[in-house]
Amino acid sequence: MPKSNKAKPTPADDTASGAAARNTDSAPATLAPGSAPDAALLKAVQTGDLASAMPFNANKPLEFGFDNALNPQPGAAVDPPSQLPTGSTLSEEITSDKVGGAAIQGLNATIEPLDRVRVDSAGRVLTTNQGVKVADNQHSLKAGLRGPVLMEDFILREKVTSFDHERIPERVVHARGSGAHGFFEAYEPLTEFTKAAPFQQAGKVTPVFVRFSTVAGERGSKDTARDVRGFAVKFYTDEGNWDLVGNNMPVFFIQDAIKFPDLVHAVKPEQHHAMPQAASAHDTFWDFVSLMPESTHMLMWQMSDRAIPRSYRMMQGFGVHTFRLVNEQGDSVFCKFHWTPVLGTHSLVWDEAVKISGADPDFHRRDLWEAIESGEFPEWELGLQIFTEEQAAGFSFDVLDATKLVPEELVPIKPVGRMVLNRNPDNFFAETEQVAFCTAHIIPGLDFTNDPLLAGRNHSYVDTQITRLGGPNFHEIPINAPVAQVHNNQRDGLHRQAVHRGRVAYEPNSLAGGCPFQAGAVQGFMSLAKRQDADERSDKVRGAPEKFADHYTQATLFFESQTPVEQAHIAAAFRFELSKLTVPAIRERVLSSLVNASPALAAKVAAGLGMDVPAPMPRALEAPQTPEVAVSPALSLKARPGDGSVRTRKVAILVANGVHGESLSAVQEALLAQGAVGRLVGPRIGAFTTSSGDAIQADASMENEPGFLFDGLVLPDGEASVEALASYGHTGEFIKDQYRHGKTILAFGASQALLAEAKVQELLPTGERDPGIVLADASDGEQAAQRFIQALALHRHPERETDPPAV
């Protein structure tokens with residue numbers, strides 16, 4: 001009689017089943033469980049049992065219908081009895097220094113902290129990329145001392161090949177950037193509005209990496225160009241990576257992503273001669289924007305001082321688009337993201353920015369690095385504008401229009417947390433250059449709106465990273481890897497790092513116990529089912545809502561919200577940019593558009609160009625709604641002066657032989673006590689002798705650190721030193737640039753003659769005392785230092801500005 005399936009296996013059965021378990025192309029209908037400790041047989045039996053535990057897909061009936069679509073269920077899963085049935089190979093128990101041991105159950109080790117990939121070569125010999133020690137790194141292998149280099153020199157070929165391929169394609173936009181690590185800390189739970197991981201409890205800390213950038217310039221361009229600045233934050237949350245990819249301006253040039261290639265082609269160097277680099281002051285840019293009146297609002301921002309920040313640490317950041325916050329109950333609200341610097345919003349003036357770009361094109365990069373290295377960690381406060389769909393429907397503008405902002409008077413900003421950058425990258429290329437941001441990288445608790453510009457960015461960013469970083473696995477580059485576990489069935493592709501166990505790469509499955517299985521609605525990301533205007537017609541169209549056609553109301557709001565000095569800077573910026581055009585018709589077209597935003601601005605720009613004010617450009621929307629807010633002081637840079645400190649400011653203290661050393665020491669000590677840096681700057685670097693015979697060391701020269709690189713200036717007492725400084729042309733340039741750029745100047749005793757020689761007066765043209773000119777006797781060094789610091793804290797003294805400059 002045939003043997004019962006329930007009979008106890010015999011040694012022969014064990015042998016047969018054990019042999020069958022060693023085949024990879026077929027197996028018997030059933031396997032004996034095996035009494036001998038045979039790993040192959042045990043793996044085969046447990047694999048069969050695991051598959052048998054899922055005779056069918058129990059979730060399949062729950063995949064259909066609208067109600068089920070709103071509430072997807074967790075995927076079916078069975079715990080394997082051991083790691084055997086889900087593994088790739090029985091040999092994983094064999095370890096080595098390279099492969100290590102078996103995978104830790106439920107762990108993706110590729111997202112461990114970056115310690116696992118950091119390299120320190122201290123005390124190590126030079127090797128090839130294959131770990132072979134290099135005996136001679138000075139010479140190629142040749143056939144004789146004067147013979148030809150040999151092809152067999154694999155060390156030469158590896159080294160040169162690596163060098164030849166060091167560069168990856170640069171970003172089309174935002175190519176020049178600087179980055180840093182840090183953290184975000186929530187002030188309080190925001191569970192009323194969102195289930196997003198960073199906002200779930202007070203004090204919760206989320207690691208971040210932030211990249212700041214210019215937009216138009218190439219990777220080697222200058223930092224201080226008049227341009228938008230990128231402000232991209234990667235949150236490494238325990239629910240996955242969230243990229244808040246924004247700018248330092250809350251609006252944009254265009255309303256629909258289909259126009260983005262046109263915009264970038266227009267602002268980039270012109271096609272026929274590849275000029276100008278990192279500048280918008282040319283024909284093609286202004287030709288394009290003058291035919292796109294929706295750009296007018298953004299042009300106001302770009303021509304304002306926002307476009308030439310003093311530091312990355314002193315500029316705001318904005319998410320630009322309207323996003324959604326979604327809570328545990330599935331309720332949603334609209335949201336705008338705002339980053340506000342603790343140090344306040346401060347800028348350069350144009351003449352200063354131009355000069356800095358020649359003396360130090362890495363000005364912003366150096367500033368960020370040095371601040372973090374010195375322990376002066378940059379800090380921003382994150383604020384949210386939260387409003388409902390019903391509120392948005394009543395606004396005079398459309399919140400899905402990226403050329404519009406929501407005035408703070410209409411929806412106040414709610415502070416929700418702080419971000420601190422406290423660690424510089426170990427390697428610029430590996431981290432700052434390879435970091436990949438994408439607006440589509442969001443987490444549960446966040447969602448998109450129907451913003452047509454955002455929809456295009458969601459596609460464009462990931463598509464760009466695939467090109468730049470060599471394939472779809474850019475997420476496995478260490479800087480891009482999340483701290484949350486990554487488990488899916490994506491396999492292979494260029495530069496794959498993860499080594500997955502097992503044979504299963506599909507879902508649903510039974511051979512891996514159903515794993516990894518879908519999380520379901522409770523844990524997993526769910527797109528919000530109901531979107532704005534869901535009840536309206538949903539025919540496929542190419543168009544935009546009527547409110548998108550209001551191109552000038554918010555441009556007017558921005559301009560009218562600026563201080564007179566800022567308005568003058570906007571007019572001067574338009575004048576400069578338009579003066580660089582070679583086609584007069586474009587110049588006139590821009591002016592005709594500006595008339596709609598501000599006749600006064602258009603008249604001032606026209607006068608500066610020697611032109612008559614043209615007739616206003618026809619409006620796309622003749623009768624826009626009356627705006628809720630006519631003036632918003634919060635839009636001015638002056639609305640955010642910061643904490644009033646002078647931390648991280650750099651002050652030039654001029655020295656020469658014969659200076660009064662005690663007064664300069666008093667200033668330097670007072671600055672240092674306030675977190676500022678006072679640098680001794682001489683006609684050359686090195687030692688100088690004070691009037692009392694002491695030696696002081698200048699660590700900078702007026703040649704290698706021009707005056708416009710500093711936030712303030714101190715001129716010394718001492719007849720001999722003043723006479724020496726007066727003989728150097730650099731001294732006059734120092735004083736002139738500091739005065740023209742609105743900086744604070746402290747002049748001790750005899751050095752007041754240097755001010756007179758540079759035609760710098762203590763009084764303003766109005767007859768009032770210039771608050772940025774501090775005159776003092778050397779004997780009052782400590783008191784003078786405090787007066788100087790108080791004036792320095794104002795950042796700049798624009799009341800002395802004239803157009804054209806008087807000094």
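Is Lys259 buried, partly exposed or exposed, and what is its relative accessible area?

Tutor: In this predicted model, Lys259 has a relative accessible area of 27%. Buried means under 20% and exposed means over 50%, so Lys259 is partly exposed. The residue belongs to the loop between strand 4 (240-247) and helix 5. Setting aside neighbours within four places in sequence, Lys259 is in contact with Ile254, Phe288 and Met292.

Val605 illustrates the packing: beyond residues up to four places away in sequence, Val605 touches Ala571, Phe574, Arg575, Leu578, Leu591 and Leu594.

Strand 1 (residues 177-186) is mostly covered, with 9 of its 10 residues buried. Strand 1 runs antiparallel to strand 2 (residues 205-214), to which 9 bridges join it. Strand 1 is also antiparallel to strand 9 (residues 414-423), here through 6 bridges. Phe183 takes part in both pairings: its bridge partner in strand 2 is Pro207, and its bridge partner in strand 9 is Val420.

Six strands form an open sheet in the order 15-12-11-16-17-18, with parallel pairing. Strand 15 (700-701) and strand 18 (773-776) each have a single partner strand, so they stand at the edges and one side of each is left without a neighbour in the sheet. Within the sheet, strand 16 (residues 712-715) and strand 17 (residues 744-748) run parallel and are joined by 4 bridges. Val714 stands opposite Leu746 of strand 17.

Strand 13 (residues 686-689) and strand 14 pair in the antiparallel sense over 4 bridges, and Ala687 stands opposite Gln697 in strand 14. The hairpin has 5 residues between the strands, and Gly693 takes a positive phi near 90 degrees. In a regular strand the side chains alternate between the two faces of the sheet. In strand 14 (residues 695-698), Ile696 and Ala698 form a covered face, whereas Ala695 and Gln697 form an uncovered one.

Most residues other than glycine have a negative phi, and most peptide bonds are trans. Ala274, in the loop between helix 5 and helix 6, has a positive phi near 60 degrees and counts as exposed at 52% relative accessibility. His495 likewise has a positive phi near 60 degrees; this residue lies in the loop between helix 12 and helix 13 and is exposed at 53% relative accessibility. Pro516 is found in the loop between helix 12 (452-468) and helix 13 (520-523), and a cis peptide bond with omega of about -10 degrees joins Cys515 to Pro516. Another cis peptide bond joins Asp803 and Pro804, with omega of about 5 degrees; Pro804 is placed in the segment after helix 22 (781-792).

The whole protein provides the setting for these details. Its 807 residues, of which 49% are buried, include 22 helices and 18 strands. The C-alpha trace spans about 120 × 80 × 55 Å along its principal axes. Of the contacts between residues at least 6 apart in sequence, 73% join residues at least 24 apart. The protein exposes about 38,500 Å², and carbon and sulfur atoms supply 54% of this area.

Conventions. Residues are numbered from 1 along each chain as its sequence is written. This is a predicted model: local features need pLDDT of at least 70, side-chain atom pairs count only at pLDDT 80 or more; totals for chains, interfaces and linings use all residues. Side-chain values use heavy atoms; hydrogens and water are left out. Contact means heavy atoms within 4.5 Å. Helices (H or I, at least four residues) and strands (E, at least two) are DSSP runs, numbered from the N terminus. Buried means under 20% relative accessible area, exposed over 50%, partly exposed in between (1.4 Å probe, protein chains only). Accessible areas come from the Shrake-Rupley method with a 1.4 Å probe; for residues, only the protein chains shown count as cover. Two strands pair if DSSP finds at least two bridges between them.
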